[in-house]
Amino acid sequence: MAYEREDLQKIDDLAIEYYNEEDTARKLVLRERIAVLFMNNLEYIVHTGELKKLSTDAKRAEIVRDISITFFVKNLSKYNPYKKEEGIVPFMAYFYDFVFWDSCKECKKYYKGIKGRKNTDISEMYDVGGNEIKTDTEYKEDEHDFNEKLALFVGCIVQFQAHKDMTKSTNQTHFDYFQSFYTGDMVYLTKGEGFLQLLMNYEQLIQKSCSTEFLDYIYKDKVRSLSEMFSGNLKYYKELKNIGIFGKSKLEKTLNLPIEQNVYATYFDVSKVAISKKVDAFKDYKRQLLGGEIGA
């Protein structure tokens with residue numbers, strides 16, 4: 001577990017640097033680095049300390065994951081390491097304290113016998129405490145699918161990380177391929193149920209990063225905003241060029257999501273083998289970004 005604890009210390013250090021940074025562009029870079037470390041260690045975070053008391057079965061663990069992600073996205077910018085007079089408050093201590101009690105409150109909807117606390121404004125206090133959690137709880141069926149949101153959020157983080165180096169590419173053809181794959185992924189994420197609101201926090205970046213030419217290729221009408229991408233109708237396979245690549249069975253159907261490789265092949269007018277190599281290169285690129293620290 002040493003590696004994970006080391007990463008959590010990096011999050012604490014970067015969060016303080018993020019708070020003190022005045023340059024907007026640098027703050028975005030720091031936030032993205034923190035986000036990658038956070039998502040890479042999410043499973044460790046959910047099953048550590050106070051949160052471990054809640055994550056005693058798969059369904060509870062899903063609830064805690066969802067609360068953890070939501071709290072991180074909304075409250076990193078509200079974190080103040082100097083809130084308490086007696087010393088610096090580490091980000092992860094601040095995170096664990098509030099997520100534990102917010103998770104208790106959420107779990108009460110699905111389990112009996114879990115005690116929580118009244119809502120607390122995080123801008124007013126960090127030092128919260130409360131009742132011990134009971135372990136003899138009875139499960140009630142959850143109506144939400146937290147796994148889908150988690151998977152989409154991870155995918156979203158990958159895409160935004162890819163954006164930085166992608167825009168610095170000196171190889172225009174390489175850039176065009178990666179930007180189109182990026183755009184296809186963002187269409188898939190935007191149309192993910194219950195995920196549009198989170199993406200809208202990054203709307204300007206998404207619009208800047210997407211290929212308008214590829215959007216025009218796959219949508220029936222012109223779309224540019226996230227709401228248009230969400231509600232817009234994708235074309236039928238028969239409306240694309242080189243439709244023979246799809247076979248007759250698909251021609252009367254709307255494009256599938258996620259966008260398949262053959263659609264990219266018709267867009268770039270290349271072979272299935274050629275596009276497969278490019279798609280694999282993009283996947284490797286994203287894996288590399290998630291596997292190491294993202295620099296400035």
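Predicted model: local features only at pLDDT ≥ 70, side-chain atom pairs only at ≥ 80, totals over all residues.
Residues are numbered from 1 along each chain as its sequence is written, and side-chain values use heavy atoms, with hydrogens and water left out.

**The whole chain**

Switch to cartoon, and you will find 14 helices and two strands (DSSP runs numbered from the N terminus: H or I of at least four residues for helices, E of at least two for strands). Colour by burial next: of the 296 residues, 48% are buried (buried is under 20% relative accessible area, exposed over 50%, partly exposed in between, with a 1.4 Å probe and protein chains only). Among contacts between residues at least 6 apart in sequence, 63% join residues at least 24 apart (a contact means heavy atoms within 4.5 Å).

**Select 58-75 and 91-107**

Two packed helices are described by the angle between their axes and the distance between the axes. Here, the axes of H5 (residues 58-75) and H6 (residues 91-107) come within 9 Å and cross at roughly 130° (axes are lines fitted to C-alpha atoms, for helices over the stretch in contact, with angles from 0 to 180 degrees between N-to-C directions). H5 is therefore oblique to H6 (under 35 degrees is roughly parallel, over 145 roughly antiparallel, 65 to 115 roughly perpendicular, and the rest oblique).

Now show side chains. On H5, the contact includes Ile63, Ile67, Phe71 and Phe72; on H6, Phe91, Tyr94, Phe95 and Phe98 are among the residues taking part. By class, this contact has eleven nonpolar, three polar and two charged residues (Ala, Val, Leu, Ile, Met, Phe, Trp, Tyr, Cys and Pro count as nonpolar, Asp, Glu, Lys and Arg as charged, and the others, Gly among them, as polar).

**Select the loops around H13**

Go to the loop between H12 (226-231) and H13 (261-268), where Pro258 is found. A cis peptide bond joins Leu257 to Pro258, with omega about -5°. Asn242 lies in the loop between H12 and H13 too; its phi is near 55°, a positive value in a residue other than glycine. Asn242 is partly exposed, at 41% relative accessible area.

Finish at Asp269, in the loop between H13 and H14 (272-291). Asp269 has a positive phi of about 55° although it is not a glycine, and it is exposed, with a relative accessible area of 55%.
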